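Visitor: Hi! Could you walk me through this structure? I'm new to this.
Guide: Happy to, let's look together.
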Amino acid sequence: MSTAEALKKYPFLFTQGALPAGSLTNLGELRPLLPKALARSRQLLGLSLRRGLDPSQRKYSDEREMAALHALAFALVTATGNRRMIRAASWGFSKEVELSLMSDALHNPRGFPEIYIRVGKAAGIEAAFNWITQRFEMSLLSYLVLRGIEGDPKLMLPQLSLAGGKVAVPPNVFAAMVSRVLRYSLTMKLELQANELRRAELDPDVKAGAETLASEFSRRKGEEVDIQTLSPVESLFPPCVKFWVSEMRRGVNVPHQARFLVATFLLHLDYSVDEVLRFFSTTPDYDEGIARYQVEDLAGEKGSGKKYAVPRCDTLRTLGACTCREGLCVHMTHPLLYYRLSIERKLNGDKLAGSECAGSLSRLLHLARPRRPVCP
Amino acid sequence: MLDHFRDYYTSLDPDALFVPDLQKREFGFMPRERREMIRHMAFRDLGALKSYLISLPPSHVYSSTALYERPSAPDMNSKGWLGSEIVFEFDADHMREFKGDALAKSGILTEEAWNAIKKRTVELIDDFLIQDFGISSSEIKITFSGNRGFHVRVRRQEFLGLDQEARRRLVSYLNASDLDVNGLQNLLGKAKKRSLEVVLSQPGWMSKIRRQMREKNCSLQEAVDALALDVDENVALDLHRLIRHPSSLHAGTGLVVKPVALESLSSFMPYQDALVQSSTELRVNMIDLLPSGQFRVGDLEVSKTLAGRVIRVQRSVGIFLILKGLARPAVRVP
């Protein structure tokens, strides 16, 4: 695959979503690209019907322009400063990459392994193709250090072929793996950029473009968590607890780690077992007998007799149950500490107490929430 | 008790206390009477460690699985973490086989129970660590914990720097907690026999399941339940864990935290082989309410028939019984 071909399909091989040279404070020669970049951003955010590169947009004057357009499209999203939009764009892009990889495997049976390996390498996955088994192979260590694959059962180690410290995966699983890893690394990178951009004086055209995107996104995608529905006390809960409580109230089957967090947190606030059970009663698999036993066990009333501690923030991050890394949460080590500080802020008349990540909680957790496997 | 500990450490060859990178490890000690850990200690060599152990009252002795630039720094953030060995712990109180076992609950394990734990430990090493993870046997060290299980320590250079998420994936693999049983059940339910065969033929968990289902003629869920290990996640994920130092004495049993070679694990009997050998004897008064079941410690067969009796036993056996609450030191009537 030539550089030009690779760049067309996998522009991140060269840019990794980096901001174009000269930054967004002064677009300079990139200004003519802005309309195309806006259209591309809308595609990535799922605001235009068609996903993937529009054929008309492949008529670039040169490779540099393609790379710049790609970077500018992401830069516009980061300029909104909206984490939910950043995640949506990363998700949209990673899906495109996965579909492109799948299409390569279908239409280029001899050449696709080279493309996969190259794209995988750009995403940080070191792998080789075994022509006999028709699988991509990587060392166990290479697999273990991958980030972003959590929550997808087909990418978890027990589902994969593992022998002698070598992990082997079929092409479709490898494509999914690349997609998840890219999504994760891109999200992290863009969030970092968004933080930096908050302090920058943006070019007026960029600012206007970002505002247009943000308002359209908000209009089309809505806000899934309305903190106004929470009681005054609940509104001071840490964002992670608020998020999972609201998910449970929507009838979402939330992961075990999230249930553990909510239950232990409420129990430490001296909620009774019955009061805690009320929070869980809207989950789709609710069984009062089982839930009561488990909550009583957590409360130290059954089983070992030990009251379970609320997990620390770093544990929640590891387990994928952390949902917010901004505001007060940046400095937090424990959900109970957040709650205590929020109460103090509220008592001191701070109207923003407990508002971290509020209103943009819906799509924060591609990584934490198990998703349905993607059909090719 | 003090004599038991002091005599043991005095006669101990310092080399028995060897762990790689001793100087980079944090040590912790918990005197039996204090219930409060003395932490952030480091030793320059085995001789210094041995001398300190001799001077201590009977204590639990721990060393870190982590290596640090400054192991004695009082603040964890300033220690300079260099990496951590991975330790898998098999302890009777975490294993589903022993849930509800009265004797196990009281902290005593019968020969059958020990055989079950050893079988699980061998499975961990042979079927998972060596066969699946590709770790060589020379990179694996087994230690009897001194009480109710074994520590399996993996020291592979490139694994030292793994973070908690990477370790969680390893433990989830061993415990099958990331295994998508529902996905496999769906394949079974839809009678997609060929798809299922293809899936189950791949090395790792899938082939283990297939073998188990064929050999034991059992269901998918039964196969998974039988194969999944009960490795303690808290231990394996903790990057700063202090675990019992090899060849130290467990202050709750008086037994040696004994390194065991893989090839001799199956014949290792903790209540025989981890006793401190000594010619000194001790008179103990067995309690009236001994737990049901019987077990052997040293040459002594402990069962309800001994309830309330005063017996003379080897000192390490007597200390084990006293520390386990099964006996009291016998008082001579003048």
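Guide: One term to start with: pLDDT is the predictor's confidence in each residue, from 0 to 100. We need it here, as this is a predicted model.
Visitor: Okay, what's the mean pLDDT of chain A?
Guide: The mean for chain A is 79, and 80% of its residues reach 70 or more.
Visitor: And where does pLDDT stay under 50?
Guide: One such stretch in chain A is residues 51-57, with nine contacts in the model beyond four places in sequence. Residues 359-376 of chain A are also below 50, and that stretch has 47 contacts beyond near neighbours in sequence.
Visitor: Now sheets! What's the strand order in the open sheet of chain B?
Guide: The order is S2-S1-S3-S9, four strands with antiparallel pairing. Strands S2 (38-41) and S9 (242-244) of chain B are the edges, each pairing on one side only. On average, neighbouring strands are turned by 30° against each other, direction ignored.
Visitor: How many bridges join S1 and S2 of chain B?
Guide: Two bridges, in the antiparallel sense, and S1 covers residues 27-31.
Visitor: Which residue is the bridge partner of B:Phe29?
Guide: B:Phe29 has B:Ile38 in S2(B) as its bridge partner.

Methods
Residues are numbered from 1 along each chain as its sequence is written. Chains are lettered from A and ligands numbered from 1 in the order in which they are written. This is a predicted model: local features need pLDDT of at least 70, side-chain atom pairs count only at pLDDT 80 or more; totals for chains, interfaces and linings use all residues. Two strands pair if DSSP finds at least two bridges between them. Axes are lines fitted to C-alpha atoms, for helices over the stretch in contact, and angles run from 0 to 180 degrees between N-to-C directions. Two residues are in contact if their C-beta atoms, placed from the backbone, lie within 7 Å.
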